Amino acid sequence: MVHAAPFQFDESAYRHDVKTLASDKFEGRGPLSEGEKLTIDYLAKSFRDIGLKPAFGNSFVQNVPMAEITADQNMQLKVGDLTFANGSDFTARTEQVVPQVKLDNSDVVFVGYGINAPEYGWNDYAGVDVKGKTVIVLVNDPGFATQDPKVFKGNAMTYYGRWTYKYEEAAREGAKAVFIVHETAPAAYGWNVVESSNTNKKYTLVDANKNLSHVGVMGWIQHSVAQQIFKAAGLDYDQVKLTAIKKGFKAIPLHLTANLTINNSIELATSHNVAGLLPGTEHPDEWLVMHAHWDHLGKAMVDGKEAIYHGAVDNASGVAGVLQLARYFKSLKGKDAPKRSILFADFTAEENGLLGAQYFAEHPPVPTKQLVALLNIDGMNVGKPTNYVLQYGDGVSALEKYLSDAAKAQGRVVKPDPRPQNGLMFRSDHFALAKEGVPGLLFLSLGDTDPDYIKHKYHQPADRYDPHWDLGGVSQDLTLMSDILDKLANNRDWPKWLEESDFKKRRAQDGR
């Protein structure tokens, strides 16, 4: 289908949106801040001015109740006769909304990678009872460790390699605490990231049971700490670790106990998702979702001075892209107007663990069986056009064919994720919808076209709007996304999951 009015990039409007959202006034768009209020008001007004309908009843805004949990950092971890220092040796936090979590002589068990994956014939918890115990697990998955494409997905991380999965599975198994052994290569980041991410205030969604079904202690330990613990148990950690990469691994009780007390201060607050709906002309009950997370890191003290983390590329660039696409599709009239509905959405707290997306996925404005697919922007290519487009995941869903066709129409090729071991497919908002069965595509260019970005700008105050940006890459990628949205909005296809997974099982529950 060729539109009478193909997508036209409005550079002036795009620059205005990014410059505004990444300005000092918006204070880095931290959730639960004055910057959030300004951001929410700006986006709701933009959707209203475009002419979209409120997505949540009569409102453009969805309340997202959260808890801010700050753990007292004056804590020690004791394992047997060993004592470890918070921050430098280990980190520990909780999502349970309680004033204190305590390990009191909790038995310690090594459970390999902490994975229970029937489709891979793998269960590290087979034959062991870890209820109330402390488990030590390896980061990533056996595929990365072996680099064997026949083991999980080889170098490419599966969700079983993500730290979020380790905690979720341990909770299902009844463990009281999890400590992931950090190693830089399989984690894809250094200890400094672990320490800075886990020793500050953290946000979580709150369920009716104050998250008591979550694992009590979410921890990390240094590689050297694991070596000391295993030595105290009469074992060589680096030798034992090698046994965990083989199918049939059996958990190993270390015959040591762990002691730790986490004291929390808790504040309950409400953040917000924002979304506007363009109703379809023929199938309004079938929704596509076009999304970018609006939040960034807010403000923090750096070298004794207050610094603003502007988040211009991550992700004001994506939010401005969603607004561009909303304006375009709203401008289409008559036979060119989309037959299916398109939801243009910006979720909160992606940087805090996909919280806004998770809340939306668990409380969607329509049942998930009515959501066709989600396209997710998490940082755009603000530089020059490229002759390729990145694809995250391979053989995951039929949306990959849409990506390939749209790229081909632009004379571009699909290039596989250059860092599949980093698991980026599981680290952005589309993944929260995937867990509810809705297939998605990730559009992410952080650092791919700007070799300086990751080192000097990513999650740093230097991620600012630059009036010298070329923006040819933005125009090119938004055109590609408009092509995919156009096809999905006007056909009767429900893109399928291609591989056996929990996502595919969840989709089947919706009859899709």
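Student: Which residue follows helix α15, and is its phi positive or negative?

Tutor: Gly-511 comes after α15, and its phi is positive, near 75°. Helices (H or I, at least four residues) and strands (E, at least two) are DSSP runs, numbered from the N terminus. The model is predicted, and local features need pLDDT of at least 70, side-chain atom pairs count only at pLDDT 80 or more, and totals for chains, interfaces and linings use all residues. Residues are numbered from 1 along each chain as its sequence is written, and side-chain values use heavy atoms, with hydrogens and water left out.

Student: Why is Arg-507 called buried?

Tutor: Buried means under 20% relative accessible area, exposed over 50%, and partly exposed in between (1.4 Å probe, protein chains only). Arg-507 has 3% relative accessibility, so it counts as buried. Arg-507 is part of helix α15.

Student: Which residues does Arg-507 touch beyond its neighbours within four places in sequence?

Tutor: Its contacts (heavy atoms within 4.5 Å) include Thr-368, Leu-371, Pro-439, Trp-494 and Trp-497. Pro-439 is 68 residues away from Arg-507 in sequence, and the two are 8.8 Å apart in space, C-alpha to C-alpha.

Student: How do you know that the buried residues of α15 lie on the same side of the helix?

Tutor: In α15 (residues 502-509), Phe-503, Arg-506 and Arg-507 are buried. They cover an arc of only 100° around the axis, taken from the directions to the C-beta atoms, and therefore lie on the same side of α15. These buried residues pack against β18 (371-377) and α12 (430-434), while Ala-508 and Gln-509 are exposed on the other side of α15.

Student: What makes α1 and α9 oblique to each other?

Tutor: Axes are lines fitted to C-alpha atoms, for helices over the stretch in contact, and angles run from 0 to 180 degrees between N-to-C directions. The axes of α1 (residues 11-21) and α9 (residues 312-331) come within 9 Å and cross at roughly 140°. Angles under 35 degrees count as roughly parallel, over 145 as roughly antiparallel, 65 to 115 as roughly perpendicular and the rest as oblique. The two helices, α1 and α9, are therefore oblique. Among the residues that make the contact are Tyr-14 and Leu-21 of α1 and Leu-323 and Arg-327 of α9. By class, this contact has 9 nonpolar, 3 polar and 2 charged residues.

Student: Why is α11 called oblique to α14?

Tutor: The axes of α11 (residues 399-409) and α14 (residues 472-490) come within 9 Å and cross at roughly 130°. This angle makes α11 oblique to α14. The residues in contact include Tyr-402 and Asp-405 of α11, together with Ile-484 and Lys-487 of α14.

Student: Where is Leu-354 found, and why is it called buried?

Tutor: Leu-354 sits in the loop between β17 (340-346) and α10 (355-362). Its phi is near 60°, a positive value in a residue other than glycine. With a relative accessible area of 11%, Leu-354 is therefore buried.

Student: Which residues does a cis peptide bond join?

Tutor: The cis peptide bond joins Asp-314 and Asn-315, with omega about 15°. Asn-315 lies in helix α9.

Conventions:
Ala, Val, Leu, Ile, Met, Phe, Trp, Tyr, Cys and Pro count as nonpolar, Asp, Glu, Lys and Arg as charged, and the others, Gly among them, as polar.
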